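Subject: Structure handover

Hello,

Here is the structure you will be working with. Please open it beside this email and follow along.

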Amino acid sequence: MKTFEELGVIPELRRAIEELGFESPMPVQEKVIPHLLSEPGDVVALAQTGTGKTAAFGLPILQRVDPALHKPQALIISPTRELCLQIGSDLADFSKYLPEIRVLPVYGGSSIESQIRSLRKGVQIIVATPGRLIDLINRGVVDMSNVHTVVLDEADEMLNMGFLDSIDAILSHVPDERKMLMFSATMPNEIARIAKKYMKNAQEFVVGNRNEGSKNVKHVYYMVHAKDKYLALKRIADDSPSIYAIIFCRTRRDTQEIADKLIQDGYNADALHGDLSQQQRDLVMKKFRDKVITMLVATDVAARGLDVDDLTHVINYGLPDDTAVYTHRSGRTGRAGKTGVSVAIIHSRERNKLREIERAIGKTFERKDVPTPQHIIEKQIYNLADKLERVEVDETEIAKYLPGVSRKLSWLSDEDLLKRVVSLEFNRLLDYYKDAPTIDYIDEKPRKERKDRPERDDRPRTEAEKDRRTAARGMARLYVNVGKSDGFFAGNLIDLLNNVVNGPRVDVGRIDLMPGYSLFDVSKKDARRVIEGITGSEFAGKRLYSEVADPDKNYARASARKNKHSDDTQTTADYFKAKHSKKSGKKSYHRK
């Protein structure tokens, strides 16, 4: 294994990182650092979260900037404010002994005037979120004529959040003769296209296998009825007395509801999602880092940039639709050489999705039984015993109180005293789990007894079958005729709804992004105005059409018929006319 000195890192940087506890380079650093310092060409680095990516690009960037030139020379673009701040903080730590180098994070949710003042004083490295950087460019306060290095960090997440147009706009202001780096945990086709479009003679470095999960993470799942998911979550938490976890939910609403339930049931938990103000989010994250709360219930986007090395668990309360998102989630535990557990709480209809994730990450999930009340109570009692053994006793201070306490409790035997200590700690738990049932999902028939056909989970699935998805309870599943091949992603959908739908904000549930179209859930009461708002609007020059999704319709085939969409679908007016005719007993129709 090489040293940082052998990689070409200068003494000032080596001194700073040694004080931070860096002993030897991690694999991604060993590959990327010497290339950036001494070789031409751009870099695409595929590595999981927590593998040392920031130092891999940060150390060479700090070494390559000119301290005497007080203008931006390196630009690092990140998808979220939290990640932006984390990178900025790390670079400031690395440059401790390079006092003339200034690093400036620029992001939304903070005073743009103070960021402008800092830019005018002179900085060499800008770490930015796309939206705020474009705002500063439009105001004419960022001079990027001297930028020689551009980094796209968490590129796959920026793609998912719909930042492709923003990246286009930013790079149009950067010199063509630049060195460009792209760091990503996964390599979907869209990332490969971005690399081809923006990069020259790109060298690809892969740490581990493409889209593979961390080797330090154990993947397990619990199968329960959908109504028992929260009960299973509580049992998993109770069975892990030292739990320090992020619990991922699919929607903001689910996130807040689960967090509220956990808090009400006495757990140190809180929620992190997009509906919180920036001040609220900062407070929640500080409490989580300080372990004031030990369970953080979060959406995927809100948890971006939350850099915590010692998570014991990542819990998937709802499996993501995109397997790459699962890789991001699970990569948050098992970091810095430690082991971790990625848990999926699923119901029977989610088995197919679990198998897809297994194939994508190259690992098999272990099915486990939901912890029984007896096992939980035993685990908690032994944990208390461990704490009692390890507690530090201040003999001098405690001695003056012991005689009074001893007289007060002298009538209790050692066994009685022990029983009371345990009961004081666990009466709530004992009462809650008294006569609690088993909640594992049990298949009606074992696999061997099913003679009619193979289990549904293992059947080949056609494109049409994959599309037959129904909305969650209380929601309507809608179709829109743009997808990933059009550069349309979740962030674009949210922007579209905010801009074209009249009335109150629309709550969006599950989103499925396909190459030529998208399906998404909204509240049933909002469905009509969403369809009316989207239909007739435009995205990237394409006229949009929306309807309530038909579970039996092959939208993949329909979307492939260019310029013929109107022949196969109803207009908005036709849809509601047909819906009304159904209620009145009349025959519904499609426009021919």
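Is Lys291 buried, partly exposed or exposed? Lys291 is partly exposed, because its relative accessibility is 42%. One thing before going on: this is a predicted model.

**Lys291 and a second residue with positive phi**

Stay with Lys291 for a moment. Lys291 lies in the loop between helix H13 (278-289) and strand E11 (295-298). The phi of Lys291 is near 65°, a positive value in a residue other than glycine. Most residues other than glycine have a negative phi. Lys291 also meets a ring: its charged end sits over the ring of Tyr244, 4.7 Å from the centre.

Asn201 is not a glycine, and its phi is positive too, at about 50°. Look for Asn201 in the loop between helix H10 (189-198) and strand E7 (203-206). Asn201 is exposed, with a relative accessible area of 73%.

**Rings**

Lys261 has its charged end over the ring of Tyr230, 5.1 Å from the ring centre.

Next, rings with rings. The structure holds 7 aromatic pairs. One of them joins Tyr326 and Phe365. That pair is tilted, with 5.5 Å from centre to centre and 50° between the planes. Tyr326 lies in helix H15 (residues 323-330), while Phe365 lies in the loop between helix H16 (351-361) and strand E14 (366-367), so the pair ties together parts that are 39 residues apart in sequence. Tyr326 is buried, at 0% relative accessible area. Phe365 is buried as well, at 5%. Elsewhere, Phe4, Phe22 and Phe94 form one aromatic cluster.

**Salt bridges**

A search of the whole structure finds 29 salt bridges. Here are some to click on.

- Arg81 and Asp282: their closest N and O atoms are 3.0 Å apart. Arg81 lies in helix H5 (residues 81-94) and Asp282 in helix H13, so this pair ties together parts that are 201 residues apart in sequence. Arg81 is buried at 13% relative accessibility. Asp282 is partly exposed at 30%.
- Arg477 and Asp512: these side chains meet at 2.5 Å, N to O. Arg477 is in strand E15 (residues 475-480) and Asp512 is in strand E16 (residues 508-513), so parts 35 residues apart in sequence are tied together. Arg477 is buried, at 4% relative accessibility. Asp512 is buried, at 2% relative accessible area.
- Glu532 and Arg528: the distance is 3.2 Å, N to O. Both lie in helix H23 (residues 527-534), 4 residues apart, which means about one helical turn separates them. Glu532 is partly exposed at 42%. Arg528 is partly exposed at 45%.

There is also a network. Salt bridges that share partners join Arg252, Arg253, Asp275, Arg505 and Asp507.

**A nonpolar patch**

Now turn to the surface. A nonpolar patch there has about 850 Å² of accessible area in total. Its residues include Leu388, Ile398, Tyr401, Leu409 and Val421. Helix H19 (402-409) and helix H20 (414-433) each supply at least two residues of the patch. H19 gives the most, with 3 residues. Val421 is found in H20. Val421 counts as partly exposed, because its relative accessibility is 35%.

**Cysteines**

How many disulfides does the structure hold? The count is 0. Two cysteines to look at are Cys84 and Cys249. Cys84 is buried, at 0% relative accessibility. Cys249 is buried, at 1%.

Best wishes

Notes:
Residues are numbered from 1 along each chain as its sequence is written. This is a predicted model: local features need pLDDT of at least 70, side-chain atom pairs count only at pLDDT 80 or more; totals for chains, interfaces and linings use all residues. Side-chain values use heavy atoms; hydrogens and water are left out. Rings of Phe, Tyr and Trp (its six-membered ring) pair if their centres lie within 6.5 Å; planes under 30 degrees apart count as stacked, over 60 as edge-to-face and the rest as tilted. Buried means under 20% relative accessible area, exposed over 50%, partly exposed in between (1.4 Å probe, protein chains only). A charge sits over a ring if NZ of Lys or CZ of Arg is within 6 Å of the ring centre and within 35 degrees of the ring normal. Patches are made of residues with over 30% relative accessible area and no salt bridge: like charges are joined within 9 Å, nonpolar side chains (Val, Leu, Ile, Met, Phe, Trp, Tyr) within 5 Å. Accessible areas come from the Shrake-Rupley method with a 1.4 Å probe; for residues, only the protein chains shown count as cover. A salt bridge is a side-chain nitrogen of Lys or Arg within 4 Å of a carboxyl oxygen of Asp or Glu. A disulfide is a pair of cysteine sulfur atoms within 2.5 Å.
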